[in-house]
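Visitor: Could you take me closely through a single part of this model, the sheet and what surrounds it? I would like the criteria behind each term stated as you go.

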Amino acid sequence: MKNHRRDFIRKATLVGLSTGLGLGACTRYIPTGSDGNFYINSSKGLPKVNVSKKRVIKESVGLRPFRKKGPRIELQELDNKKIVHNYGHGGSGWSLSWGTSKIAADIIDTLYSKEVAVIGCGIIGLTTARTLQDRGYNVTIYTKEVFPRVTSAMATGTWSPTSRLILKENITPAFTEMFQQACSHSFNTFQRLLGINQMVNWMENYHIASNDHSSNNGHQKYAAKAQLFSHEMNFYPSPNQLNHRDNPFKVKHVYKSPTTIFNIPIFMKMLRDDFLLAGGKIEFKTFNKPEDIDALPQKCIANCTGLGSLELFGDEEMMPISGQLCFLIPQPELTYRASMSGVYFIPRKDGIMLGGNGIENNWDITPDDEVTDRYLEGVAEMMKIMKS
Ligand SMILES: Cc1cc2nc3c(=O)[nH]c(=O)nc-3n(C[C@H](O)[C@H](O)[C@H](O)COP(=O)(O)OP(=O)(O)OC[C@H]3O[C@@H](n4cnc5c(N)ncnc54)[C@H](O)[C@@H]3O)c2cc1C
């Protein structure tokens with residue numbers, strides 16, 4: 001296990017630091033008529049992250065509920081229950097939550113039962129429960145854990161609908177169709193939540209590439225956007241390679257694009273409050289085997305147990321992909337995110353989050369100091385190559 005960890009972000013050293021392109025401070029274009037094509041070094045650079053181990057305020061390791069065949073959204077009849085599964089979202093659960101919950105609710109609509117038990121209180125359980133309430137269902141959530149002890153609380157919280165979602169070899173036309181529906185519905189729902197208590201925000205992302213490609217190729221066995229998106233699916237502008245004048249870093253290949261960020265603690269609190277306000281109930285209960293579900297009073301069940309479905313339903317397609325995060329003291333002046341060589345930082349309301357790793361089949365949720373140190377080194381490196 002340690003070896004896997006040690007392999008992580010070894011490549012943090014930047015290629016191209018000495019390309020001679022770092023010509024000094026940020027510059028501003030002065031339009032002085034037709035001959036105004038020159039620069040002065042007067043504009044301010046981006047505010048910098050204060051990187052120091054002493055500023056680390058919390059760390060977490062979450063287990064992405066990865067399913068080799070992608071999320072399972074389907075009906076299963078078990079004894080006298082109708083179970084609608086909605087689990088296995090890998091590194092894309094926040095992004096796809098509203099979308100797969102809509103698909104699960106569409107299936108539940110065909111079952112003619114107004115009482116629904118939702119098992120699980122992560123982002124998938126909560127969005128499923130809220131979607132059902134909005135359609136007039138009486139919903140009870142049964143769960144082992146709630147925020148902050150669920151995987152959903154330990155996520156980065158960016159729009160990443162294809163992150164560690166499905167193995168490339170398992171993509172089928174039916175899966176692609178389901179994915180596209182879920183993705184579009186989710187995106188539209190998130191945009192409607194903009195402006196409400198800063199649950200959702202837009203932010204510029206700078207990606208510092210070590211060559212002239214804007215995306216890294218580290219996850220080749222997982223399906224990429226190109227394999228799952230249709231031509232019409234353009235949620236926001238493609239990353240734009242910055243020219244020298246607009247580039248806040250002293251290296252050549254920097255790409256900028258806007259992206260959607262979710263403020264996880266407030267988002268989950270709002271969903272839970274809204275659920276309770278709409279008459280929903282939450283009961284703590286652990287299900288060890290399918291027969292435990294049979295004892296519930298409701299006939300219709302939405303299974304949103306994430307990684308729990310491995311044990312509960314014996315789904316061997318499931319495996320954890322762990323991801324460690326580390327948070328620094330918030331700096332309100334930071335309004336952009338950046339990534340380089342597998343390390344990123346995002347200024348969230350609950351701290352400046354550093355992250356980027358993924359270890360398959362790792363069940364260990366103890367934060368590893370070595371990983372934290374590499375995150376800190378990676379972000380310190382980004383600050384070093386930033387124009388001042
Ligand atoms: C480090 C990291 C970064 C991530 N970043 C992003 C990102 O930027 N964008 C994105 O879209 N996604 C991201 N994800 C993925 C996302 O967090 C998950 O896909 C999502 O949280 C899964 O939600 P869930 O509700 O299915 O699972 P969970 O949050 O794990 O919830 C499962 C619920 O089921 C309950 N449960 C489980 N088993 C049982 C049982 N037997 N009996 C009773 N209750 C049970 C649990 O207590 C819990 O309440 C990230 C994940 C990690 C770990």
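**The sheet and its surroundings**

Guide: Ile73 stands opposite Asn86 in β5, where strands are DSSP runs of E with at least two residues and helices are runs of H or I with at least four, both numbered from the N terminus. This is a predicted model, in which local features need pLDDT of at least 70 and side-chain atom pairs count only at pLDDT 80 or more, while totals for chains, interfaces and linings use all residues. Residues are numbered from 1 along each chain as its sequence is written.

β4 (72–78) and β5 run antiparallel and are joined by seven bridges; two strands count as paired if DSSP finds at least two bridges between them. Strands of a sheet pair through backbone hydrogen bonds, either parallel or antiparallel. The open sheet to which β4 and β5 belong has six strands with mixed pairing, in the order β4-β5-β12-β6-β7-β11. Because β4 and β11 (281–284) stand at the edges with a single partner strand each, one side of each is left without a neighbour in the sheet. From one strand to the next the twist averages 20°, with axes taken as lines fitted to C-alpha atoms, for helices over the stretch in contact, and angles running from 0 to 180 degrees between N-to-C directions.

Against this sheet packs α2, which touches β4, β5, β6 (115–119) and β12 (300–303), its direction making about 165° with that of β5; contact requires that the C-beta atoms of two residues, placed from the backbone, lie within 7 Å.

Asp79 counts as exposed because it has 9 C-beta neighbours inside 10 Å, the scale being buried at 20 or more other C-beta atoms within 10 Å, exposed at 12 or fewer, and partly exposed in between, with C-beta atoms placed from the backbone.

Beyond β7 (138–143), in the loop that runs to α4 (173–192), lies Pro148, which a cis peptide bond with omega of about 5° joins to Phe147.
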